[in-house]
Amino acid sequence: MRIDWNQYDPGDFHDELIGPKGQPRLAARVLANYLKSLSDQQLARRQRAAELAITEMGITFTVYSEGENIDRAWPFDIIPRVIPAREWQQIEAGLKQRIAALNLFIEDIYNTRRIILDKIFPEAMLAGSKNYLPQCEGASPRFGVWAHICGSDLVRDRDGTVYVLEDNLRVPSGVSYMIQNRSVAKRVFPELFRRQNILPVDDYPAALFDMLAALSPRPLDYPEIVILTPGIYNSAYFEHAYLAQQMGAELVEGGDLVVGSDDCVYMRTIDGLQRVDVIYRRVNDDFIDPEAFREDSLLGCPGLLRAWRAGNVALANAPGCGVADDKVIYTYVPDFIRYYLDEDPILPNVPSYRCEDKQQRDHVLANLKDLVVKPANESGGYGMLVGPQSTVKEREKFAGLVKRNPRNYIAQPALSLSTAPTVVGRHLEPRHLDLRPFILSAGSTYVTAGGLTRVALRKGSLVVNSSQGGGSKDTWVLDSGGKR
Amino acid sequence: MLSRVAERLYWMARYIERAENTARLLNAYNMLMLDLPRGVGLSWSQLIDISGNGEDFARRYRSANERNTLAFMLSDRANSGSIIDSVTLARENLRTTRDIVPSEGFESINELLMFVRRRLASRNARKNVYDFLSDIVLRCQGITGLLAGTMSHDAAYQFVRLGRNLERADMTTRILDVGSATLIASDSELQRLENRLWTWLLRALSAHQMYRQTVRRQVTGPVAAGFLLHDTLFPRAVLHTTGEIRACLKSLPRNTSAIRSVGRAERHIRETDIHSVFPADFHDLIDEIQLELGDIHESIHRTWFAPRSKG
């Protein structure tokens, strides 16, 4: 049996590849026709070949369960998600605008606080922010950039509008999987890459290196750049090792670093102590410096914040930048864009209710069944209530949580995430997905062509996180200039 | 190269070597027990003493019979010298530095751990245990050979080689110490069997055949001990391992203090006339050599694993 797109039914959702009445969307036409030419067996065979390639290439992520760490093969679906280049240019512009405003906000909030003085943003919001770090007040990193690496989650609703769901400014992960997905996809569909102009994504490690190098406090020397990892037990360790290898940077753990009495950072090598200029840290703020933050942390290095404040080392992302990675602060981002840039937001936020506000809170409490309630500071899809799929008991629990600590919660309408055809057994079924592009900022801003598409592999599920049964797809930004 | 990486490679190599040596030791000891007439005062408890973990054993096991000894030295995770513990730690050390060695290296250590776990969990775990130990020896040697044959012999490899040779020297001196213990034991029956005992000691180090080829004399205490200390060509003889260690150190930066510590140990061994210390002072000699090996480890640790001064 071959694929019959007329039989493919995404229901009431926007499908990324197939339009109403089984008509492939313009950008997906070559792909859809090609898939139609494959028999079910051929399709299943390609999926198996991709899975084999992933095992061989050792692409894994780590799951912690039952007291043991398990390296699992990265779940990958061979059917790519296609985005026309013209649409992507809009999204890219929106992401650049957004990160510019976010960085201006962070710089402002740790320094003059103009936005509070001008009454655009209430100071009370900071008091409840777990990620605001008073230790960073008065600091001013190079270029005024705090969030050097950002992973923003985008979703498309039923009517085709692309929304920003959240901005991950702390230690966003997934970019290595984006690159690996592409190399697997090239093996699976080489003919489609030949026939179409699909924008490359593998320049990311080089762009990352250039961005980090631009931050070096000793611009005249060849910069010593390191990646600071929490270690092998972190779920993203594969990515840390991969990026270090690709950039030719050392992969260090907290114990490898030492801050000297000169407030410079050194790493312990067999040649003795060696000065470090830039640290791409994949350790959370709380843990990077036991001297400044959590005393019991073994993952960081005492004195790191001191060295950073003295301007002797660059930290990417800067400590404290998580203040803008807070789902309550998120609701203000459109205001930031208007205030700092005097522009209208290109990419909309998902409409959100702040539980802090009594009127909005009452609305949320009365409509829990139709809303998604999110805590301000969790990631990975944890600690939230998905109203339409919740039980009475769960809703009662969340009503209590919201009432006890309203500042910590926002609510959003349950979006109808778009779908794309996904291999299930020997045929294709629609599955929900999102998209995480990565944005690099230093002197200039770089956005990946596309990003990491995450897909909820379980039927009807909206949870795309790999730790909770999500998979991923390659993402093709297709230059409709057509054939090369 | 990061100090941490160097340190983990060093320990990985030590643990692989330790697993191999422990398996070899258990096998040889069993052969000896089968060989000796019943009622001779040699027991499994002496084997546990060699491992240096006698106190721990006494705390947790009732008697030092074959079964308990094997359990303790083979499958007891709580015993820091057991084979399962050594293999597990070798893998843990390599897991965090796996990008440094060829991927087959990590794969074969991983396989070794799976193999050991599988065998220990199987219903036949106690059957053919000595074949199982021989398999472990072979697999460990396979890993050692794989690293030697596929890793660039750069600084990273030198730390692997350092760990291997220091661990080897350590085991050889431990085994020599068994000889010294039985020398001063008053059991006259055992002294009568001295020749057989030293043959076993040589076998435990796979040294018997090479001894025969090199020494061409009947096995006696002083001659065998001299061979295991002084021979520069047999890979498990102490002077050979220190020669290897010296060669590794030469290619590393800032090596002065470490080379000096090797020099001290070498000079001491070379200048010892084995016949004059035998038997009365032999145990003290071994003690001193072990301390000197400890010094070599300390200076390696100080220089490369925990550097303090700015470079």
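This is a predicted model: local features need pLDDT of at least 70, side-chain atom pairs count only at pLDDT 80 or more; totals for chains, interfaces and linings use all residues.

Me: OK. At what angle do α8(A) and α9(A) pack?
Reply: About 80 degrees, with the axes 9 Å apart. Here α8(A) is residues 204–214 and α9(A) is residues 237–247. Angles of 65 to 115 degrees count as roughly perpendicular, so that is what α8(A) and α9(A) are to each other.

Me: Which residues make the contact?
Reply: Pro205(A), Leu208(A) and Phe209(A) come from α8(A). From α9(A) you get Leu243(A), Gln246(A) and Met247(A).

Me: And how many of those are nonpolar, polar or charged?
Reply: Five are nonpolar, one is polar and none is charged.

Me: Back to α8(A) itself. Which residues are buried there?
Reply: Tyr204(A), Leu208(A), Met211(A), Leu212(A) and Ala214(A). They span an arc of only 160 degrees around the axis, so they sit on the same side of α8(A).

Me: New topic, the sheet. What's the strand order?
Reply: β13-β16-β14-β15 in chain A. It is an open sheet of four strands with antiparallel pairing.

Me: Which strands stand at the edges?
Reply: β13 (353–354) and β15 (385–386) of chain A. Each has a single partner strand, so one side of each has no neighbour in the sheet.

Me: How many bridges join β13(A) to β16(A)?
Reply: Two, and the strands run antiparallel. β16(A) covers residues 409–413.

Me: What stands opposite Arg354(A) there?
Reply: Ile410(A), in β16(A).

Key. Residues are numbered from 1 along each chain as its sequence is written. Chains are lettered from A and ligands numbered from 1 in the order in which they are written. A residue is buried if 20 or more other C-beta atoms lie within 10 Å of its own, exposed if 12 or fewer, and partly exposed in between; C-beta atoms are placed from the backbone. The arc is that of the directions from the helix axis to the C-beta atoms. Axes are lines fitted to C-alpha atoms, for helices over the stretch in contact, and angles run from 0 to 180 degrees between N-to-C directions. Angles under 35 degrees count as roughly parallel, over 145 as roughly antiparallel, 65 to 115 as roughly perpendicular and the rest as oblique. Two residues are in contact if their C-beta atoms, placed from the backbone, lie within 7 Å. Ala, Val, Leu, Ile, Met, Phe, Trp, Tyr, Cys and Pro count as nonpolar, Asp, Glu, Lys and Arg as charged, and the others, Gly among them, as polar. Two strands pair if DSSP finds at least two bridges between them.
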